[in-house]
Number of protein chains: 2
Amino acid sequence: MSVRQRRVSYGDAVYENRSLHIVVMVGLPARGKTYMAKKLTRYLNWVGIKTKVFNNGDYVRKITRQCSDHNFFRPENEEASMLRKKCSVDAITDIVRWLQEEHGRVAVFDATNTTRDRRRMIHQIVEKQLTCKLFFIESICDDAQLVEANIKEVKVNGPDYKGVKPEKALADFLQRIEHYKRIYEPLDEEKEKYLSYMKIYNTGEKVLVHKHKGHVQAKIVYYLMHIHISKRSIYFSRLKVWTSWMQRTIQTCRDINAPTERWKALNEIDAVSSVINVYHMSLFRYRRGESYEDLVARLEPVIMELERESNVLVVAHQAVLRCLLAYFRDIATDELPYIEVPLHTVIKLTPAAYGCDIEYVHLDVPSVNTHRGKPQVPGDLNTAPLPIVNVEIPQTYQPTFRQSL
Amino acid sequence: MSVRQRRVSYGDAVYENRSLHIVVMVGLPARGKTYMAKKLTRYLNWVGIKTKVFNNGDYVRKITRQCSDHNFFRPENEEASMLRKKCSVDAITDIVRWLQEEHGRVAVFDATNTTRDRRRMIHQIVEKQLTCKLFFIESICDDAQLVEANIKEVKVNGPDYKGVKPEKALADFLQRIEHYKRIYEPLDEEKEKYLSYMKIYNTGEKVLVHKHKGHVQAKIVYYLMHIHISKRSIYFSRLKVWTSWMQRTIQTCRDINAPTERWKALNEIDAVSSVINVYHMSLFRYRRGESYEDLVARLEPVIMELERESNVLVVAHQAVLRCLLAYFRDIATDELPYIEVPLHTVIKLTPAAYGCDIEYVHLDVPSVNTHRGKPQVPGDLNTAPLPIVNVEIPQTYQPTFRQSL
């Protein structure tokens, strides 16, 4: 298959003729591979690059329930090894089909891929069947505390240990890791110098990039350099405040005693210009105004910074908050313009294992609901007039309800 | 000194309270340190982050003319070593003053800094005097051909060898490198783990990043991952064509038989909205329309891709081409809106050692000059109405004049 003719979004800098990518995770269990794979996928989809995770564990669980016992992962267990290899091949076959038939752009293969043999096999399959770029991402972590915290938060309650007691699950998982350690071969700068890859040490303390190709891989590296995994809340506590450059957000925060930063990128969408266009047709020969895609591109640096920040309160506008919510809640582009951003409400986001906890803190101020539902017959989203609304945040508030995703 | 309150530009995502940075180059002579330092500085200034290079060689040349003899660089030459150390201290003192008094944001210290002692000294001076982030960039190159090409292109005709014959200069410079090699200690992951740094191998084949901090350092890494040093021209030959999404650029290129990519980011500046604003004042409470700063932010991904491309023809609009020219020709922001982009002209850019060769290929089509000079008393550049102009490129043309920068 040759590289396809396709138009991609503004976030991806909008041009045609773009390449296809397979991103392959590498690393021992509980090194944050799934976390990175999911987060990266959410980000790339958000900027308009169609991306999907293919998780090897899902394929294994489809054909066997033995994964709750570490013995299944012993290298000596040949039957199980064959089974797991078959799952890999199945996953890659699905990846190839998805890229070829469903206009996928980046497929993320989430598996341990801990041996050179396995990586060579993947390289050979991909080289033969696809004209696409292969990029390995290895997560290396020698911080035992970090690994154990990861197991407790994610694995113990994960799909492999349904109905298993936490202590037993933890012990079993630690043994599973030991089996992998015996055969683990980290990506080797000499022996695997034909590969493009990135190594991430202790969730970003050190990053090594080898033979990266093209701007999508550079974008992936750039994004993964920003993420961190410590607990934090996006919206409240230790109040550090971000506003747009528009008076209404600045005024909203004028009484909050906290360091304030003004982001021009947080300004409301410039949507109404497209209406004016009709009036001034003689002046212009092309449609003006921003689309949601443009807005996402403009908000990308804000997301990068939000990924770094510990705790921050963002005071912005309806369309802007919709885009930010779409990122954190992984909402598809076509649903984005219909996300409800209620007035007089603080939305608190707490990134959790593989998603985001969300809490709506309603402030008791009477107001009109300006939200419009998605029409039955979708029109051109970019031309739909957008109500422009403030989210105003007084100093005191009462929590009302909490919704977990 | 504490981190300063300052407003920075949109390209830097516009917010206040930003950190200061010192970027310190590390590496043997002729490893492209000056090239990277200058290029990085040009880029950061272009996105609105005030940056300046401090070149140690300039300080040395101020006090002695001995640099044209390699013996000056022998480690055993104690007098010369003291002199060169003094120059380093002078440069860092100037850097500190520039950051504190002239609102500089990023200072790039361009010197070899090949020993751990020297790097520790820099670290201590900076830690004591400034609250700012220190980032080392080491360029490592073991490709002898690349090094020799670099010496021939840059050093032999450089300021150290004025009036010296090329062969003699080359031989002397190779000996100078040998002196450095004897004392060179590359950044050490164990012994210098307290430092933030980036190592670039063979101009980007491999990149290692250690303890990077904040988004400016991440931006620096991202940018340096895009640059390459092979010769190429930006505008013509092997015609690959980039246009905007606007009909007039697409039509201009419809007869060119070459792969075409359409970039939304190349669309003309949305400047006229700010005029309409006045008319529709009741509708809006803030100024719309794009400034040149906004345009630079929008063009950033285009620049990243241009840095990767071999040969490409960009067909775009006046304001857009002004921004691109400002990047390649290192033109200050306040001069940017007055850059002349003549009609019916192909502008050919060929990146050279530390700058860019430029060639105007005038096409013999009668037209009106729409360029307006910079006013005597500068007003608000962003509100000045901008003439919108096509650059139309027929298939045949005759070169007329060439101007080297």
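The largest nonpolar core in this predicted model has 122 residues. The residues with the most contacts inside this core are A:Leu266, A:Leu324, B:Leu266 and B:Leu324. A second, separate core holds 72 residues, among them A:Val26, A:Leu28, A:Val96 and B:Ile22. Charged side chains contribute 34 salt bridges over all chains.

**Nonpolar cores**

- Leaving aside residues up to four places away in sequence, B:Leu324 touches B:Leu266, B:Leu299, B:Val302, B:Ile303, B:Leu306 and B:Val314.
- B:Leu266, one of these partners, is itself listed among the residues with the most contacts inside the core of 122 residues.
- Two further partners of B:Leu324, B:Leu299 and B:Val302, fall within helix 10 of chain B, which spans residues 292-308.
- B:Val314, also touched by B:Leu324, lies in strand 9 of chain B (313-315).

**Chain A as a whole**

- Chain A contains eleven helices and twelve strands.
- Among its 405 residues, 58% count as buried.
- Of the contacts in chain A with a separation of 6 or more, 70% are between residues 24 or more positions apart.
- The accessible surface of chain A is about 17800 Å², and carbon and sulfur atoms account for 50% of that area.

**Salt bridges in chain A**

- Side chains of opposite charge can pair when their charged atoms come close.
- A:Glu138 and A:Lys199 form a salt bridge with an N to O distance of 3.0 Å.
- This pair links distant parts of the chain, with A:Glu138 in strand 4 (residues 132-140) and A:Lys199 in strand 5 (residues 197-201) of chain A, 61 residues apart.
- Both partners, A:Glu138 and A:Lys199, are buried.
- A:Lys193 and A:Glu190 are also joined by a salt bridge, at 3.4 Å from N to O.
- Is A:Glu190 buried or exposed? A:Glu190 counts as exposed because its relative accessibility is 55%, and the cut-off for exposed is over 50%.
- A:Lys193 has a relative accessible area of 43% and is therefore partly exposed.
- A:Asp58, A:Arg61, A:Asp160 and A:Arg176 are joined into one network by salt bridges that share partners.

**A salt bridge between helices of chain B**

- In the salt bridge of B:Glu300 with B:Lys219, the closest N and O atoms are 3.2 Å apart.
- The two residues belong to distant parts of the chain: B:Glu300 lies in helix 10 (residues 292-308) and B:Lys219 in helix 7 (residues 214-224) of chain B, 81 residues apart.
- B:Glu300 has a relative accessible area of 12% and so counts as buried, the cut-off being under 20%.
- B:Lys219 is likewise buried, with a relative accessible area of 7%.

**A parallel sheet in chain B**

- Strands of a sheet pair through backbone hydrogen bonds, either parallel or antiparallel.
- In chain B, three strands form an open sheet in the order 8-7-9, and their pairing is parallel.
- Which strands stand at the edges of this sheet? Strand 8 (260-262) and strand 9 (313-315) of chain B do; each has a single partner strand, so one side of each is left without a neighbour in the sheet.
- On average, neighbouring strands of this sheet are turned by 20 degrees against each other, direction ignored.
- Strand 7 (residues 241-243) and strand 8 of chain B pair in the parallel sense over three bridges.
- B:Val241 stands opposite B:Thr260, which is in strand 8 of chain B.

Methods:
Residues numbered from 1 in each chain as written. Chains lettered and ligands numbered in written order. Predicted model: local features only at pLDDT ≥ 70, side-chain atom pairs only at ≥ 80, totals over all residues. Heavy atoms only, no water. Salt bridge = Lys/Arg side-chain N within 4 Å of Asp/Glu carboxyl O. Helix = DSSP H or I, 4+ residues; strand = E, 2+ residues; numbered from the N terminus. Buried < 20%, exposed > 50% of the residue type's maximum accessible area, 1.4 Å probe, protein only. Contact = heavy atoms within 4.5 Å. Areas by Shrake-Rupley, 256 points an atom, 1.4 Å probe, with all protein chains shown as cover. Pairing = 2+ DSSP bridges. Axes fitted to C-alpha atoms, helices over the stretch in contact; angles between N-to-C directions. Core = buried A, V, L, I, M, F, W, Y, C linked by side-chain atoms within 4.5 Å.
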